[in-house]
Amino acid sequence: MRILGIETTCDETAAAVLDGDGRVLSNVVYSQIPLHRKYKGVVPELASRAHCAKIADVVASALAQAGCPARKPFDAVAYANGPGLPGALLVGRTAAGVLSRLYGAREVPVNHLEGHLLACELSDGKPRPLKFPLIALIVSGGHTELWLVRGYGRYRALGRTRDDAAGEAFDKVAKLLGLDYPGGPAVEKCARSCSGSAVEFPRPLMPGTHEFSFSGLKTAVSYRMQAKAGLNKADVCAGFQAAVVETLAAKTFAAAARHGVRQIAVGGGVAANSALRQRLEEAALKEKMTVRFAERKYSTDNAAMLALAALRKIRAGRAGAPARVNPELKIKSWAGGS
Ligand code: KG4
Ligand code: ZN
């Protein structure tokens, strides 16, 4: 069996092919970053148009790199039916629909954020299965969420951000500081030149809840910049990054303690951040817990993670029927239980 994954939820046009054991046979990502760079953020209409223009080439490359036979290149096609940008989602869903009819393959809709979690399993060989129960921290440009996960397809959403996502906060702070886009990697790089006295910022901990709020932190950076001209950007970046990392770590470990869970898995673009990885790894070691991250190439948006999510559904006999796109799609159990 081969599964084609198609990812077009935001600003990456991606396609990947996995075999029936979940090995990645190809993983093609066309990044639209150069297109959005001058706006320092994703322009939805430009993203949709670029997905339309690129999707056929990206899929063709993925099929060719995987050595798929022309007559029956894949048995199933996975796509994200949400969450994401409405126009961008429609391009992926339409491409998946056309390809499934053309090749008699089954369509498997998956939640993009579930893909970010399962990205933790992807490797150069067979996937490395997650151990359950676990607390999932999904941290991307559009989402910051904590879930209690009892097995494949057994999700309970614990909390999410009330305003900005962690990645969004990185992007906005980078913009404030005149750094490159996307902001996460730019802030991380700049923070490495910190003088040793990082600027102190508040930790938005929202005690007693599993929720997050990062917009105040971004505003604090803005006020601090206005209050003191000539602040060292690297010290601001280091302080901001530390506040985000500390908040994510504290809330994730609090959720694990609350639910008696010893495993943590972290997915989404912000999971590529070295400071976050280091902080969570150190805390896990101290607490004798385990933490899993998606490999960096699978942390940011890609289609292999969607194909793997689809494979888990197919193997469980829960592939489902084609589904409409839903930009606000929430994580939901598909395997029964909670
Ligand atoms: O998961 P992703 O590729 O797309 C969404 O689903 O949103 O995440 C993109 C987000 C952007 O906000 C980007 O700035 C952030 O992930 N990001 C990072 C890093 N690399 C990407 N944030 C912090 N540190 C990084 N190294
Ligand atoms: Zn994503």
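Contact here means heavy atoms within 4.5 Å. Keep that cut-off in mind for the neighbour lists below.

This is a predicted model, in which local features need pLDDT of at least 70, side-chain atom pairs count only at pLDDT 80 or more, and totals for chains, interfaces and linings use all residues. Residues are numbered from 1 along each chain as its sequence is written, chains are lettered from A and ligands numbered from 1 in the order in which they are written, and side-chain values use heavy atoms, with hydrogens and water left out.

Start with histidine 210, which sits in the loop between helix H6 (183-191) and helix H7 (215-227). Helices here are DSSP runs (H or I, at least four residues), strands are DSSP runs too (E, at least two), and both are numbered from the N terminus. With a relative accessible area of 12%, histidine 210 is buried; that word means under 20% relative accessible area, while exposed means over 50% and partly exposed is in between (1.4 Å probe, protein chains only). Leaving aside neighbours within four places in sequence, histidine 210 is in contact with Leu146, Leu158, Gly159, Arg160, Lys251, Ala255, Arg258 and His259.

Serine 213 belongs to the loop between H6 and H7 as well, and it is buried at a relative accessible area of 16%. Its side chain makes a polar contact with the side chain of aspartate 163, at 2.7 Å. A polar contact is a pair of N or O atoms within 3.5 Å; within protein, one must be able to donate a hydrogen and the other to accept it, and residues adjacent in sequence count only if both atoms are side-chain atoms. Beyond four places in sequence, the contacts of serine 213 are Thr161, Asp163, Pro204 and Met206.

On to the metal. The zinc ion (ligand 2) is coordinated by His112 (NE2), His116 (NE2) and Asp301 (OD), at 2.0 to 2.1 Å. Donors are N, O and S atoms within 2.8 Å of the metal (3.2 Å for Na, K and Ca), and sites may look incomplete because water is not among the atoms. The arrangement is irregular because the 4 donor atoms subtend angles of 95 to 135°. For the record, four donors count as tetrahedral if all angles lie between 85 and 135 degrees; four count as square planar and six as octahedral if opposite donors are over 155 degrees apart and all others between 65 and 115; anything else is irregular.

Along the chain, the donor residues follow the spacing H-x3-H-x184-D. Both histidines come from helix H4 (residues 112-118), 4 residues apart, or about one turn of the helix. Histidine 112 is buried at 5% relative accessible area, and histidine 116 is buried at 0%.

Ligand 1 is surrounded by 20 residues, and the closest are Gly141, Asp171, Gly184, Glu188 and Asp301. A residue makes that list if one of its heavy atoms lies within 4 Å of the molecule.

| Residue | Polar atom | Distance to an oxygen atom of ligand 1 |
|---|---|---|
| Aspartate 171 | side chain | 2.7 Å |
| Glycine 184 | backbone | 2.9 Å |
| Glycine 269 | backbone | 3.0 Å |

Taken alone, ligand 1 exposes 550 Å², and the protein buries 90% of that. These areas come from the Shrake-Rupley method with a 1.4 Å probe; for residues, only the protein chains shown count as cover.

**Around strand S6**

Phenylalanine 132 lies in the loop between H4 and strand S6 (134-139), and is partly exposed at 24% relative accessibility. Its C-alpha atom is 7.1 Å from that of glutamine 263, 131 residues away along the chain. Alanine 136, in strand S6, is buried at 0% relative accessibility. The C-alpha atoms of alanine 136 and isoleucine 264 are 5.9 Å apart, with 128 residues of separation along the chain.

Most residues other than glycine have a negative phi, and most peptide bonds are trans. A cis peptide bond joins phenylalanine 132 and proline 133, with omega about -5°. Another cis bond links glycine 82 and proline 83, with omega about -15°. Lysine 40 has a positive phi near 55°, and so does lysine 288, at about 55°. Lysine 40 is partly exposed at 29% relative accessibility, whereas lysine 288 is exposed at 71%.
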